2 protein chains.
Amino acid sequence: MGWTYEKAGVNLAKHWEMHSIAREIIHGIANELGIRLIEGGFTRSINLGNYEITLHTDGVGTKSMIAWSTGRLEVVGWDCVVGNVNDIACDGFTPVALTDYIAISSNDVGAIHKVLVGIRDAATKAGAVLLGGEVAIMPDLVNGIDVSCSVLGIRRMRVAGDVRVGDVVIGVESNGLHMNGYTLTRKVLLGRYGLEDEVCGDRLINWLLRPTTYYGDLLIKLYDNKLVKAAIHITGGGFTKVRRVIGDLGVRLEVPEPPCIFEVIREVGNVEWSEMYRVFNMGIGLMLIVGGEYVDDTARIIKELGLNYWVLGKVVEGGGINILMPNGFNVRL
Amino acid sequence: MGWTYEKAGVNLAKHWEMHSIAREIIHGIANELGIRLIEGGFTRSINLGNYEITLHTDGVGTKSMIAWSTGRLEVVGWDCVVGNVNDIACDGFTPVALTDYIAISSNDVGAIHKVLVGIRDAATKAGAVLLGGEVAIMPDLVNGIDVSCSVLGIRRMRVAGDVRVGDVVIGVESNGLHMNGYTLTRKVLLGRYGLEDEVCGDRLINWLLRPTTYYGDLLIKLYDNKLVKAAIHITGGGFTKVRRVIGDLGVRLEVPEPPCIFEVIREVGNVEWSEMYRVFNMGIGLMLIVGGEYVDDTARIIKELGLNYWVLGKVVEGGGINILMPNGFNVRL
């Protein structure tokens, strides 16, 4: 039997159940207070004066455990900000302000400094001020360091219409694992390799600590030019996140060869392909859904910003998420 | 040698050092982006359209470990929201929206539900919508559950002038430990007592899981009536937090007998009184600094909201924080 995310300790079905409970509580509070929630694909927002604002929180997951063990913690701060900014940018929001939360097992001032340097680099890039944060020193509760960020965003961009059959799905390259699937990755790879071992032409540590790609500027430019109908930051849940924007429709995607590191995880862990696409970004950190007439303009802007892309396929009638791999293997999610 | 917070694993000096690094990074980002930060006693804010907004993050600390071990997790959600709301209300902000972040060691849907119920109760009380959150299932990183919240607040109230010599310090009762000093409390008390043991006339578990008092409505009423010059939510750092609003001035406080549970912690752990006032709220969850002519009106409103208070003392020239205890013992912080 191969490795699964569940065997590594993360049950995605239970995770969705938690989200569904949260959704009910969220709507209960809003109803009780008489406040209208605006539901986006990946965010919720409200009106505040002349602004539509969203508040969004996400953490770096157990990528921080690898960063902690090697002292290379700047990437954790960077990812924390970029992950949130990418999420809200997919729904048309740009970040205004943020806070961080760091739970740490020791009084390690140097570690905190490194995380904050990473936060600074990403925050200045994204144009968001850091308004505060909390460091909780909790030796009994945390094994190393856990970092999450909260970002306040304001509506800047609007989508270019509703997603419909025939729309084109474009995939934009990721920079590796980004910040997802680390609980599975650690179980699979660290049982076989040391962090200093060479894998796929580089030390494993370098593969595992590559920073998450910042898609904020790209999304602003695409949305401002009214090119994009929906954008999906491929994070937790992998390709299944596409469902949140296609509703009852489906997609048929011809994906490129996944980067070597994903192939190694699959092979060493004997992980099913479908599980891989449910957990990882598989080399595609962002998906865009665009009307056919806008594919060329979209592609040009992606290239201008120095990113690679693939035209993956189309939106179709129903049928969920259909992935055709270069090896001829077909994955349905 | 008695117990100290440091011996329990939390070095407050290092914690301040972390905050000071954070402050530098925060101002670096704002300068880089050309955004003006407004510094409050316990918050930072910016202008956004017609609003002055703050974003604030705080966690529940290791109180969650006791809640986790007993399954009584609603209090963790409640505290998470109330702690943040009390903090921002001290600086004149009322909450608009919030998010939560939960790191948990297992796929425990029931635990998440209980935390969210506590969040709902506090959020509806405080008038803030929950816009989202994250549940991170990380068996290798977290021992139980860690919960933090981020709150977006808007400026509603203004202080009634600058703090000056002769102003009166009023203390408002806490409901017990609230959410601070649990790493020390656990080390000291759980080495001696079981959670079901009777201490101070109740089971220890009940003392340790009492919800944090919500001071939001009180602070709104006091500020709206222009009665208060400064308010301090006594949390991490205990009475030393007063420094953040008195600058170079000092305070002389005649404090009441601390509630029994604090006396037990001190006695069992052989903790210095000064350490107690540096770590715990000692029965006073909120301090208010008011002009002498407003003491009666302030007291009336506190009583109207069903809370007890003490006129603790006055603001004086320099000399830091001077605490005179009923037993005649004098603590200087």
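## Salt bridges in the model

Over all chains, the count comes to 32 salt bridges, a salt bridge being a side-chain nitrogen of Lys or Arg within 4 Å of a carboxyl oxygen of Asp or Glu. Side chains of opposite charge can pair when their charged atoms come close. One of these pairs joins Asp87(A) and Lys241(A), with an N to O distance of 3.9 Å. This pair links distant parts of the chain: Asp87(A) lies in helix 3 (residues 74-90) of chain A, and Lys241(A) lies in the loop between strand 10 (230-233) and helix 8 (243-246) of chain A, 154 residues apart. Helices (H or I, at least four residues) and strands (E, at least two) are DSSP runs, numbered from the N terminus.

## Basis of the values

The model is predicted: local features need pLDDT of at least 70, side-chain atom pairs count only at pLDDT 80 or more, and totals for chains, interfaces and linings use all residues. Residues are numbered from 1 along each chain as its sequence is written, chains are lettered from A and ligands numbered from 1 in the order in which they are written, and side-chain values use heavy atoms, with hydrogens and water left out.

## The interface of chain A and chain B

Where the two chains meet, 80 residues of chain B are in contact with 80 residues of chain A; contact means heavy atoms within 4.5 Å. Together the two chains bury about 6500 Å², 73% of it on carbon and sulfur atoms. Buried area is the accessible area (1.4 Å probe) that two parts lose on being put together, summed over both.

Four salt bridges are counted between chain B and chain A. In a salt bridge between Asp140(A) and Lys187(B), the closest N and O atoms are 3.1 Å apart.

Which helix gives the most to the side of chain B that touches chain A? Helix 1 (residues 12-33) of chain B does, with 13 residues. The residues on that side of chain B divide into 41 nonpolar, 26 polar and 13 charged. Here Ala, Val, Leu, Ile, Met, Phe, Trp, Tyr, Cys and Pro count as nonpolar, Asp, Glu, Lys and Arg as charged, and the others, Gly among them, as polar.

## Symmetry of the two chains

A rotation of 180 degrees, with 0.0 Å of shift along its axis, superposes chain B on chain A with an RMSD of 0.0 Å. That is the relation of a two-fold axis. In chain B, the C-alpha nearest the axis belongs to Val142(B), 2.4 Å from it. Copies are superposed by least squares on the C-alpha atoms of residues with pLDDT of at least 70 in both.

Because 100% of the interface residues of chain B are also interface residues in chain A, the copies meet through the same surface.

## The six-stranded sheet

Strands of a sheet pair through backbone hydrogen bonds, either parallel or antiparallel. Two strands pair if DSSP finds at least two bridges between them. In chain A, six strands form an open sheet in the order 1-2-3-6-4-5, with mixed pairing. Strand 1 (38-39) and strand 5 (129-137) of chain A stand at the edges, each with a single partner strand, so one side of each is left without a neighbour in the sheet. Strand 3 (residues 51-59) and strand 6 (residues 145-155) of chain A pair in the antiparallel sense over seven bridges, and the bridge partner of Thr57(A) in strand 6 is Ser150(A).

Chain B also has six strands in an open, mixed sheet in the order 1-2-3-6-4-5. Strand 4 (residues 93-104) and strand 5 of chain B pair in the parallel sense over eight bridges, and Leu98(B) stands opposite Leu130(B) in strand 5.

## Further strands of chain A

Strand 11 (residues 250-254) of chain A runs parallel to strand 14 (residues 321-324) of chain A, joined by four bridges; Leu253(A) stands opposite Ile323(A). Strand 11 of chain A is also joined by four bridges to strand 13 (residues 309-316) of chain A, and these two run antiparallel.
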